Amino acid sequence: MGVLRNRDFRRLWLADLVSQAGSRIDVLAVPLLAVTALGAPVFEVSLLRTAQTLPYLVLGLQVGAWCDRIRHRPVLIAADAGRAVLIASVPVAALFGVLGMTQLLAVVLAVGVLSVFFDVAHQTYVPRLVTPEQLPEANARLQTNRSMAAVAGPGLAGVLVQALGVAAALAADAVSYLWSALWLRRIETPDTRPEPRERRLLREIGEGLRLVRGDRVLLAISAHGAASSFFQSAHLAIVIAFLARDVGLSPWVIGVLGTASLTGAVTAGLTARRLGDRIGQARALWGSAVLFGLAYQLYPFTGRGWALACYVLAGFFTSYSVIVLSVFGVSFQQAVTPPELLGRVNAISQTLVFGVAPLGSLLGGALAGAIGMRATLHIAAAGVLASAAIMVWSPLRKLRDLTPAGRRRPR
């Protein structure tokens with residue numbers, strides 16, 4: 001069982017397991033609700049993705065500094081409880097026939113704010129529960145949760161939407177957040193508050209920025225995450241509408257298609273550590289960036305019949321590569337960052353990745369309205385591939401391993 005022998009990490013892992021599945025449900029259910037029940041045009045659908053990620057751009061750096069001053073477990077529990085209440089308000093409003101696009105956007109925005117606090121605190125909390133040597137395995141376990149949710153979530157969401165309606169599917173997501181909060185409450189490892197220090201927000205943020213800028217590997221990982229996230233967000237903002245309207249698929253088929261295409265994420269969660277041991281963590285990082293970009297080129301060729309295989313193949317290889325990127329990128333970041341700066345550095349990386357997402361989402365919605373959804377998917381795919389150059393031409397190309405003690409050159 002490895003790191004799962006650690007009782008408190010096991011509780012964190014169990015909290016994450018169901019919460020991830022619930023979160024994947026709303027990835028499909030929220031845009032489908034806007035498209036089907038509310039009849040929203042494609043630009044308004046893209047605004048949902050913008051509202052979800054905008055808080056990272058506005059609050060990400062500040063939250064990182066705050067998380068280096070406070071205990072993390074109460075933040076995680078409060079964020080889960082708040083998200084449960086917000087998501088539950090959607091099916092309640094739908095039940096009474098008063099749900100509108102304004103409320104849906106407001107809920108998505110508020111959930112996004114709480115997610116900023118949760119994600120930064122969660123990534124900073126993991127090193128407090130495990131040893132540095134256990135970080136790659138711990139992150140691989142958490143990424144496997146994400147992988148399994150990525151596979152099961154769309155299919156489950158499609159079935160729930162088809163059987164019970166879109167709003168009812170969101171109720172399952174609300175329950176998953178409550179599950180997470182209850183398991184987090186059971187963690188017993190003391191969550192000590194950091195030593196008090198003078199509070200100067202801009203200076204604290206600057207310390208984190210200087211650390212990222214001064215490490216060329218960390219900078220390359222963060223820059224690639226931002227560039228690829230921008231174009232990926234343009235894709236994600238319209239792809240559900242593309243499948244429903246241009247390709248003409250039902251919610252159930254879209255869910256099954258998503259499940260089939262994301263089996264690569266489970267494969268990556270189970271094999272990422274062995275891949276890093278075999279070819280080296282640095283090679284695994286830049287190789288996955290290239291694979292990510294190449295696989296994205298298949299998405300725009302999705303159509304009915306056999307052309308659906310383009311979506312499945314693209315999904316398999318993109319989900320595989322993004323999990324590998326996350327496992328080794330996050331583990332490296334946690335290992336090389338001093339504990340007192342970890343919240344800020346985590347926030348910087350997440351702000352770069354998610355902060356550009358609302359801009360990419362707006363671009364995707366605007367381009368789709370101007371030149372069509374398929375052409376927009378081609379542009380987004382080209383951008384994701386071009387972003388791989390950041391990793392290929394970084395110091396990673398000359399390294400084999402990424403270790404806290406030193407980085408070895410290829411043998």
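Is Arg 83 buried or exposed? I looked this up at the outset and found Arg 83 buried, at 5% relative accessible area; buried means under 20%, exposed over 50% and partly exposed in between, with a 1.4 Å probe and protein chains only.

**Basis.** I note that this is a predicted model, in which local features need pLDDT of at least 70 and side-chain atom pairs count only at pLDDT 80 or more, while totals for chains, interfaces and linings use all residues. Residues are numbered from 1 along each chain as its sequence is written, and side-chain values use heavy atoms, with hydrogens and water left out.

**Arg 83.** I looked up its salt-bridge partner and found Asp 80, with the closest N and O atoms 2.8 Å apart. A salt bridge here is a side-chain nitrogen of Lys or Arg within 4 Å of a carboxyl oxygen of Asp or Glu. Asp 80 is buried, at a relative accessible area of 0%. Both residues belong to helix H3 (residues 73-95), and their spacing of three residues is about one helical turn. Helices are DSSP runs (H or I, at least four residues), numbered from the N terminus. I also found Arg 83 over the face of Phe 118, at 4.4 Å from the ring centre; the criterion is NZ of Lys or CZ of Arg within 6 Å of the ring centre and within 35 degrees of the ring normal.

**Salt-bridge network.** I recorded four salt bridges in the structure. A network of them links Arg 7, Asp 8, Arg 11 and Glu 188. Glu 188 meets Arg 7 at 3.1 Å, N to O. Glu 188 lies in the loop between helix H6 (166-185) and helix H7 (201-214) and Arg 7 in helix H1 (residues 7-37), so this pair ties together parts 181 residues apart in sequence. I found Glu 188 exposed, at 52%, and Arg 7 partly exposed, at 44%. Arg 11 bridges to Asp 8, also with 3.1 Å between the closest N and O atoms; both lie in helix H1, three residues apart. Arg 11 is buried at 9%, and Asp 8 is buried at 6%.

**Aromatic pairs.** I recorded six aromatic pairs. Rings of Phe, Tyr and Trp (its six-membered ring) pair if their centres lie within 6.5 Å, and planes under 30 degrees apart count as stacked, over 60 as edge-to-face and the rest as tilted. Phe 230 is partly exposed, at 23% relative accessibility, and Phe 231 is partly exposed, at 23%.

Note on methods. Helix = DSSP H or I, 4+ residues; strand = E, 2+ residues; numbered from the N terminus.
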